Amino acid sequence: MDDVATKIVEILKKNMKEPPESVGLETPLADLDIESLDLAVIVFDIEDTFGIEIPYNANEEVEDFATVGSVVDKVKAIITESKASGAAA
Amino acid sequence: MTQSSDRRRVVVTGHGVVTPIGIGVEEFWSALQKGECGIGQIQSFDTDDLQIKIAGEVKDFEPRERLDSKQLLLADRYSQFAGYAARDAVAQSGLEVPLADDKAYRSACVIGTGIGGITTMEFSYKMLFREGKRATHPLTLLKTIGSSAAAHVSIEYGIKGPCYGVVSACSTAPHAIGNVYRMIREGLIDLGIGGASEASLAWGTTRAWQAMRVLSPDGIWPFSGNRNGTVLGEGAGILVLEELEHAKARGATILAELVGYGMTSDAADMVNPSIEGASMAMQIALDDARLSPGDIDYINAHGTATTVNDINETRAIRRVFGKDAEKLSISATKSMHGHLLGAGGGIEAVAAIQSMRDNFVPPTIGYAEPDPECDLDYTPNEGRKREVTYAMSNSFAFGGLNAVLLFGPAPA
């Protein structure tokens, strides 16, 4: 796992009461006993850590939040996007 | 008959509202009947760096034109809304105010709020922390405290008995109204003002809501398959409640009877509601009124347009009403005025009372597509004439705090 993935797994584990030993990229968030309010806290934590904004609405099912890997991909995409728009500005 | 003569009965003799779709009951009710939407782009603060840019703001509330006393002119907007709604409600009741001492100590004023004068607090902190000011305005504290609306209204009308605010997020208003109802029933007082007020729309509070990820950036469409969250509103809803014989003795016009009140706590989760908590609150209100599910014609639903609330509320109604659920008219008037948080159940109680007086069920507007899990009659998009003898108003708050009011016709 790269840096972004490691940090995201750390954030997920920090917000779980009993974090499992191994959390992989394929692990579905549903298996981690993460509920809607936990997810709002986790998204906040990720935003704060990486200095980004993640569009997320708890009322909608979003594929980006299906597995740990999909969250990592989403965060990487947003980081790349914000760097690109920052460079352009 | 629902009530026997073994206990004191409580009637509504006045009501007043401040809402995003009208100030005063007449404007509010007319807008509800027509299905008008009060949600729009936020005007009162800059939303450039926010994801959420819409709300139900109260328009054209000019305190100098709406309020009598200088004290209220200096109060927080939340107290001013309460002051105006109470003024309308008291005027309608025909009570002689300020109350004479023989009535003053037999009267109560319970006006709650979800969060009180938070925009005053936000402004003060901005001045201190960002602008480097050395002091806050001297009225900051008095404007902020969540009991200030109740205190202001008691001062206006000389109410000298029980007076305080109550707090239970989105169930605040029915808890306040229910509290006055029980005090009258139990003989502690003969009349009281009950309701709630909220004016918490500001940049910082919207940020805080945005972080919870439950607001819709687009609109509030309760029970509709395409709903994607709630939309905040502001305003106040206030009732004058009175013991039946007291109201009759002074020849007051009786708008409705408050026949039942139920309250429960899920004791489960801060945000995920339980079917049991919601259904038990409705059941307790029915039992209190000595009514059967089949007696109820209309439910003004909590209907916040979050995914979970609307499914949970539907299931709870089904659990309580069984086969009678099919003949209920239900609507979520939040689709028009937004979610007024603590004050929501106050203006929704007024909507329930008006539905009985006019035999008209207001619609749930913005209803675009069915949700298989929300399968009741929500009065989509168009209001409807229908006989409404008994109307229920549901409020289910964060923390799992539930309060249900049940209104019936004015006793003959």
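Reply: Arg213(B) sits in the loop that runs between α10 (203–212) and β8 of chain B. The model is a predicted one. Arg213(B) is not a glycine, yet its phi is positive, about 65°. Most residues other than glycine have a negative phi, and most peptide bonds are trans. Is Arg213(B) buried or exposed? Arg213(B) has 22 C-beta neighbours inside 10 Å, so it counts as buried; the cut-off for buried is 20 or more.

The peptide bond between Val97(B) and Pro98(B) is cis, with omega at about -5°. Pro98(B) belongs to the loop between α4 (77–93) and α5 (101–104) of chain B.

Now the helix. Just after α9(B), Gly187(B) has a positive phi of about 90°. The 14 residues of α9(B) should span 20 Å at 1.5 Å a residue, and the end C-alpha atoms are 20 Å apart, which agrees. Twelve of these 14 residues are buried, so α9(B) is largely enclosed by the rest of the structure. Among the buried residues are Thr172(B), Pro174(B), His175(B), Asn179(B), Tyr181(B) and Met183(B).

Next come the domains. The domain assignment divides chain B into domain 1 (11–249) and domain 2 (262–408). Taken over C-alpha atoms, the centres of domain 1 of chain B and domain 2 of chain B are 21 Å apart. Their contact involves 59 residues from domain 1 of chain B and 54 residues from domain 2 of chain B. On the side of domain 1 of chain B that touches domain 2 of chain B, the elements giving two or more residues include α9 (172–185), the helix described above, and β8 (235–243). The others are β1 (10–19), α1 (25–34) and β7 (191–198) of chain B. By class, that side of domain 1 of chain B holds 28 nonpolar, 27 polar and four charged residues.

Chain B also meets chain A. Twelve residues from chain B and ten residues from chain A take part in that contact. On the side of chain B that touches chain A, five residues are nonpolar, five are polar and two are charged.

Definitions and conventions: Residues numbered from 1 in each chain as written. Chains lettered and ligands numbered in written order. Predicted model: local features only at pLDDT ≥ 70, side-chain atom pairs only at ≥ 80, totals over all residues. Contact = placed C-beta atoms within 7 Å. Nonpolar A, V, L, I, M, F, W, Y, C, P; charged D, E, K, R; others polar. Domains from an automatic or database assignment. Helix = DSSP H or I, 4+ residues; strand = E, 2+ residues; numbered from the N terminus. Expected span 1.5 Å × (residues − 1).
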